[in-house]
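Please look over the sequence and the 3D view before reading on.

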Amino acid sequence: MFWKLRLPLALTFIVGLVPIVTFFLSTQAPVIGPAVQFARDRVERYMVIIAGFALLLGVVSVVQGSVRKIERRRPGWPFAASLLAGLVVMGAFGILSAMRVGPFQGLLTAPDGGMTPFFWMTRNLFNPLQAAMFSLLAFYIASAAFRAFRVRNVEATILLIAAFIVMAGRTPLGEYAFGWLPGGERWLPAVTDWIMTVPNAAAQRGVIIGAALGAASLSLRVILGIERSYLGTTEK
Amino acid sequence: MSQLIGVWVAAFLTLCIFSFLYRDNPFFRFAESLFAGVSLGYYIGIVAVNTLVPNLINPLFGDFGANAHLLIPLLLGLNLYTRFIPRIAWLARISLAVYIAYYIGINMVQKIQGEIVPQVGSTILHPIGGVMTPVDNLILIVGVLAVLIYFYFSIEHRGAVGAVSRLGVWFLMLGFGAAFGYTVMGRVSLLIGRMNFLFIDLVRITGQAL
């Protein structure tokens, strides 16, 4: 019980207080100044390193899942193989680039001005795949808007009118389409700006303040050991 | 030659993704899984180059004596992976507790000092004057309060509270509408970029190489 629950909870409390306490203390303070400096510099560096390892945790899970799928020849296993191939090649290029082995001299350009293999992969595989994948949504936006508009209530109407004005007001096509109206080339951008700076700002501020209050209270619950789901347990 | 191969690979993968517009098919699924794998590999490279090598590997191999203390984060980092060994999976909780606690502590300070205080300040400090008209300032203050009341679930949204909460929903819909408009524009500009690549860059680079 101590090792599995109480120790992690005690560590959460102690380590969680470090950034909060050091935020209020000066590094110039007579006795505690050096300790504050230590906490700010060294602990922060430690955490950056641990965060690096934590980010790679997901990679292990994906590799495990894909290998299992290939071993058991589950439906779609060739796609798991292509996922693994992309991961292994790109990951290996990244690690070799970090160690600066042979032609793998960093992430971007090599000393001779050419592209490093990692950059070649980024430019010709990662970037086009990412852009094409996200641009697919452009084709489905129209049907999504149609479905939203079919819900005939005030809220959906407000959403669509705001979206329409913002899109029309921020593109040359909108200016062209409404330019024939008296003062059309002026009022549309003006209305768009007003929506963005007044009602949109109010909504965004409300969301930001509400979410930040929620996040701060969740932080407090974690530090005080009330919220424990991140440890994979709800034991008391 | 490397550039020519690169643009044709990029063009093939772009067309594989766009083939989904017809229907789900093996080309799309191949490109989709390749994208997932390449993305993970990309982040491995970024983490290795920007985080682990400069902060851990280089200092440890450069001057071990002066940097032996870095063994602490190294062990805590490696300890995270014990979660994949069922018998000692609980050990990972120690590293997880340290890691989560530090960032949640930072998060708390950042949220209060960097978001709540400045946002409340910008809303209420200059109700008359500043860059906006008094009417716009009033709309802004009413909007922020209405949205906050909509998010306040400790009282039932009935009567006057319900009316203000409904007003908050309208403000939220205006905000979501504006965000929707920006998302559409962003995705359409990505599509234009891909079309430019297929119809201009690909043809130009192939023509230059041949």
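How much area do chain A and chain B bury between them, and what share of it is on carbon and sulfur atoms? The structure is a predicted model, and in this model the two chains bury about 10300 Å² between them. Of that area, 81% is on carbon and sulfur atoms.

## The interface between chain A and chain B

In terms of residues, 105 of chain A are in contact with 109 of chain B. Phe53(A), Leu129(A) and Arg205(A) together supply 7% of the area that chain A buries against chain B.

Helix H10 of chain A, residues 199–223, gives the most to the side that touches chain B, with 20 residues. That side of chain A is made up of 75 nonpolar, 23 polar and seven charged residues.

## Salt bridges

Over all chains, the count comes to six salt bridges. Between chain A and chain B the count is one. Here the side chain of Glu155(A) meets that of Arg166(B), with 3.1 Å from N to O.

Another salt bridge joins two residues of chain B. The side chains of Lys111(B) and Glu115(B) meet at 3.4 Å, N to O. Both residues lie in helix H5 of chain B, which covers residues 92–124. Lys111(B) and Glu115(B) are four residues apart, or about one turn of the helix.

## Chain A: domains and annotated spans

The domain assignment of chain A gives domain 1 at residues 2–55, domain 2 at 58–135 and domain 3 at 138–197. Between the C-alpha centres of domain 1 and domain 3 of chain A there are 49 Å.

An unreviewed UniProt entry places the feature "transmembrane region" at residues 7–26, 46–67, 79–99, 125–146, 158–181 and 201–224 of chain A. In the model, residues 158–181 of chain A are 79% helix and 0% strand, with end C-alpha atoms 23 Å apart. Residues 201–224 of chain A are 96% helix and 0% strand, and their end C-alpha atoms are 34 Å apart.

## Chain B: annotated spans

For chain B, an unreviewed UniProt entry gives the feature "transmembrane region" at residues 6–22, 34–52, 64–81, 88–106, 138–155 and 167–185. How much of the span 6–22 of chain B is helix, and how much is strand? It is 76% helix and 0% strand, and its end C-alpha atoms lie 25 Å apart. Residues 138–155 of chain B are 72% helix and 0% strand, with end C-alpha atoms 25 Å apart.

Key. Residues numbered from 1 in each chain as written. Chains lettered and ligands numbered in written order. Predicted model: local features only at pLDDT ≥ 70, side-chain atom pairs only at ≥ 80, totals over all residues. Heavy atoms only, no water. Domains from an automatic or database assignment. UniProt positions renumbered as here; feature names shortened; annotations may be inferred. Helix = DSSP H or I, 4+ residues; strand = E, 2+ residues; numbered from the N terminus. Contact = heavy atoms within 4.5 Å. Buried area = accessible area lost by both parts, 1.4 Å probe. Salt bridge = Lys/Arg side-chain N within 4 Å of Asp/Glu carboxyl O. Nonpolar A, V, L, I, M, F, W, Y, C, P; charged D, E, K, R; others polar.
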